[in-house]
Amino acid sequence: MRKPIGPDEVHLYNSPDPNPGKNVFGAQYGGYTVRHYTDWLRAIRSRQRPVADVEIGCRSVTVCHLGNIAFRLRRPLKWDPVEEQFIGDPEANRWLDRPMRWPWVL
Amino acid sequence: MKRPIFLLVVSFAVLGQMPSSAVAGASFQAMFERVLPGMGANDPPARQAPQQEFQESCRALSAPGRDAERTQACRLIAAKLGPETPNPARVFMLRQLRLIGHGECVAAVARLLADKDSEVKTWACWTLQSNPAPEANTAILTALRGAEGPEWRATLVAALKSRAAPESVDVLVGCLADRDDGVVAATAAALGEISTPKAIEAITAAVSQATPILRRRIGAACIRAAERLVERGQLEQARAIYRQLNVPEQLRPLRIGHT
């Protein structure tokens, strides 16, 4: 960054701090955990998406996983986001989960 | 979570620049024989290069259109899974077969379900879990009928849950009477995932008779079964499960669907 972001430029959303000036959970959390909790409760009340929305997170991380799988298989892959399956590559679909030792489950 | 967006083609320019150590046919056999001793070396760092070369070839053979070569390679690998091969190599081969194996390797992998080494045994189970051939399901069911130890039984049951084959229901219903709570919970989860009428009947009957801890696990399986019914459009059957769980004598977490 060469210069500070100006007031009229695009800013990332910053969840409001419910306890300004107080560090409720200690310095290691820097107050951001509390802000996330607060934002989540606000989203429940307002029926709006929280700042860290689970679906956006899921779709974002999916792209990373797909890139990793394509990288490991050394071939281009076609992804159907509705079915959440690779198209025309059944062996690639076997990379979509991994065995878990009971009682760990998803 | 599922919404129509677009077809995403994942293709990296860098993929085309990567050196491919993929080999086919007779050259796979030559490569395999060359790297096999190294894959089972006593010294873990010494295993790395041979395992990587082997892994790259297996991944290349999993590409569409290379089925004949893949089958041939899996047969070669399956033939080396016996106890004469060191365990680290056997486990590594199983890990590859988990991703590329079909019916051609089921018999060889199924034999390892009775192996003395617990890691080999567990990976054999996971390899069959991912194998698309129906014989793999039969092999797991056969192993479950004679399985010793609750952890091993739960591992086999969890594999059946992942496969979700209706053929597993009869054996799994019997496992609901297992003396170990963990196995019962795993079994209920498997039946909830399979969610055929017989599977649902078994878990909905079991939920009211179970201890509070188990009741919550079996109730969670009932809710999962209801979700599966909704996915299939069988709404009335799903409602029947929810109604059965939403009664005053039932645990509150189940009544509110908090599993």
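Colleague: Where is the place of Gln250(B)?

Modeller: In the loop between α13 and α14 of chain B; helices here are DSSP runs of H or I with at least four residues, strands are E runs with at least two, and both are numbered from the N terminus. Keep in mind that this is a predicted model, where local features need pLDDT of at least 70 and side-chain atom pairs pLDDT 80 or more, while totals for chains, interfaces and linings use all residues. Residues count from 1 along each chain as its sequence is written, chains are lettered from A and ligands numbered from 1 in the order written, and side-chain values use heavy atoms, without hydrogens or water.

Colleague: Why does Gln250(B) count as buried?

Modeller: Buried means under 20% relative accessible area, exposed means over 50%, and partly exposed is in between (1.4 Å probe, protein chains only). Gln250(B) comes out at 10%, so buried is the label. Beyond its neighbours within four places in sequence, Gln250(B) is in contact (heavy atoms within 4.5 Å) with Val207(B), Arg215(B), Leu245(B) and Arg255(B).

Colleague: What makes the pair of Phe54(B) and Phe92(B) tilted or stacked?

Modeller: There are six aromatic pairs over all chains. Rings of Phe, Tyr and Trp (its six-membered ring) pair if their centres lie within 6.5 Å; planes under 30 degrees apart are stacked, over 60 edge-to-face, the rest tilted. For Phe54(B) and Phe92(B) the centres are 6.3 Å apart and the planes at 50°, so this pair is tilted. Phe54(B) is in helix α2 of chain B and Phe92(B) in helix α4, so the pair ties together parts 38 residues apart in sequence. Both Phe54(B) and Phe92(B) are buried. Ring pairs also join them with Phe28(B) and Phe32(B) in a cluster.

Colleague: Why is the pair of Trp123(B) and Trp126(B) named as it is?

Modeller: Their centres are 5.0 Å apart and their planes at 85°, so the pair is edge-to-face. Trp123(B) and Trp126(B) are three residues apart in helix α6 (residues 118-129) of chain B, about one helical turn. Trp123(B) is buried at 13%, and Trp126(B) at 7%.

Colleague: How many cavities does the search find?

Modeller: Two of 30 Å³ or more. On a 1 Å grid over the protein atoms alone, a cavity is a set of points where a 1.4 Å probe fits but cannot get out; a pocket is an open set with protein on both sides within 12 Å along at least five of seven lines, and lining residues have an atom within 4 Å of a point. Points are joined across faces, edges and corners, and volume is the space filled by probe spheres set on them. The largest cavity has about 40 Å³, with Leu73(A), Trp95(A) and Cys58(B) among its lining residues. The largest share of that lining, three residues, comes from α4(B).

Colleague: What is the class make-up of the lining of the second largest pocket?

Modeller: Three nonpolar, three polar and four charged residues: Ala, Val, Leu, Ile, Met, Phe, Trp, Tyr, Cys and Pro count as nonpolar, Asp, Glu, Lys and Arg as charged, and the others, Gly among them, as polar. That pocket has about 210 Å³, and its lining includes Trp102(A) and Glu119(B). Trp102(A) is also joined to Pro103(A) by a cis peptide bond, with omega about 15°.
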